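Hi,

Here is the structure I promised to pass on. Please have a look, and then read on for my notes.

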Amino acid sequence: MYEKERQELILTLKEKGITNERVLKAFLEVERHLFIPQALHGHAYVDNALPIGFDQTISQPYTVAFMTQVMNPQSGDKILEIGTGSGYQSVLLHYLGAKVYSIERNHDLYLRTSQLFDKLGYRIALRCSDGTLGWNEFAPYNGILVTAGGPEIPTNLKKQLAPGGKLIIPVGDRKSQQMHILQKTGEDSFKTTIVPDFSFVPLIGREGWKIG
Ligand code: SAH
């Protein structure tokens, strides 16, 4: 279903600068409409964020593709995602061969996405907790990808990264953020690249925004 729409989305992603063939193929194969409410299926392959309930959104395809291309996961890489949401980003990483661990703080979303993964047969480790603390049990990770915007870079996430690993996180105010791309070069040293102009829902937690 929606194959033609997916092919058009791939063209849009290419025009916007996504060049990695494996990433483009993943976007062609993974069906985004499965991760959004039925009433919005007709919009699934437009390059926009969409509501998924509980005040949250599935990110814009370009943004997901950008982060996935920067992460460029290789087969067997251990990747931690903060902000499971709909599960779309987790499945793309899984499709690219990564061992995916993903944390969601909203219990209803966590339950819904766990059920979806069971139904679709994906083996992706999910947990309901505050992702700003990471998931120490399975650390270190080759990559950590944060799909909600925080005020700062959580120290736990830096610690749980393997040498050479990449941490990708939007940092800024509640409305707009810059993508921070950190590569771990030593015990506590990082090479950082910053890319402007992203807009994510807030990262809420001990090392994120506080509610209320
Ligand atoms: N990757 C998701 C994007 C969902 S939006 C997708 O592909 O659909 C970001 C998600 O981050 C929301 O579901 C929100 O509830 C969650 N979130 C916010 N703060 C969090 C935290 N501290 N730990 C875990 N999840 C968090």
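Predicted model: local features only at pLDDT ≥ 70, side-chain atom pairs only at ≥ 80, totals over all residues.

The ligand sits in the largest pocket, with 26 residues surrounding it. Glu81, Ser86, Glu104, Gly131 and Ile204 are the closest of these. Sorted by class, the shell contains 12 polar, 10 nonpolar and 4 charged residues. At least two shell residues each come from strand E2 (56-58), strand E3 (78-82), helix H4 (88-95) and strand E4 (99-104); E2 gives the most, with 3 residues.

- An oxygen atom of the ligand lies 2.6 Å from a polar side-chain atom of glutamate 104.
- In the side chain of aspartate 130, an N or O atom is 3.0 Å from a nitrogen atom of the ligand.
- Arginine 105 takes part through its backbone, where a polar atom is 3.2 Å from a nitrogen atom of the ligand.

How much of the ligand does the protein bury? Taken alone the ligand exposes 580 Å², and 99% of that is buried by the protein.

Now for the rings: the structure holds 11 aromatic pairs. One of them joins phenylalanine 66 and phenylalanine 198; the ring centres are 5.4 Å apart and the planes are at 35°, so this pair is tilted. It also links distant parts of the chain, as phenylalanine 66 belongs to helix H3 (residues 61-71) and phenylalanine 198 to strand E9 (residues 189-198), 132 residues apart.

Best wishes

Conventions:
Residues numbered from 1 in each chain as written. Heavy atoms only, no water. Near = heavy atom within 4 Å. Polar contact = N/O pair within 3.5 Å; in protein donor to acceptor, adjacent residues only side chain to side chain. Areas by Shrake-Rupley, 256 points an atom, 1.4 Å probe, with all protein chains shown as cover. 1 Å grid on protein atoms, 1.4 Å probe; cavity = no way out; pocket = protein on both sides within 12 Å on 5 of 7 lines; lining within 4 Å. Sits in = over half its atoms within 2 Å of the grid points. Helix = DSSP H or I, 4+ residues; strand = E, 2+ residues; numbered from the N terminus. Nonpolar A, V, L, I, M, F, W, Y, C, P; charged D, E, K, R; others polar. Phe/Tyr/Trp six-rings, centres within 6.5 Å; stacked < 30°, edge-to-face > 60°.
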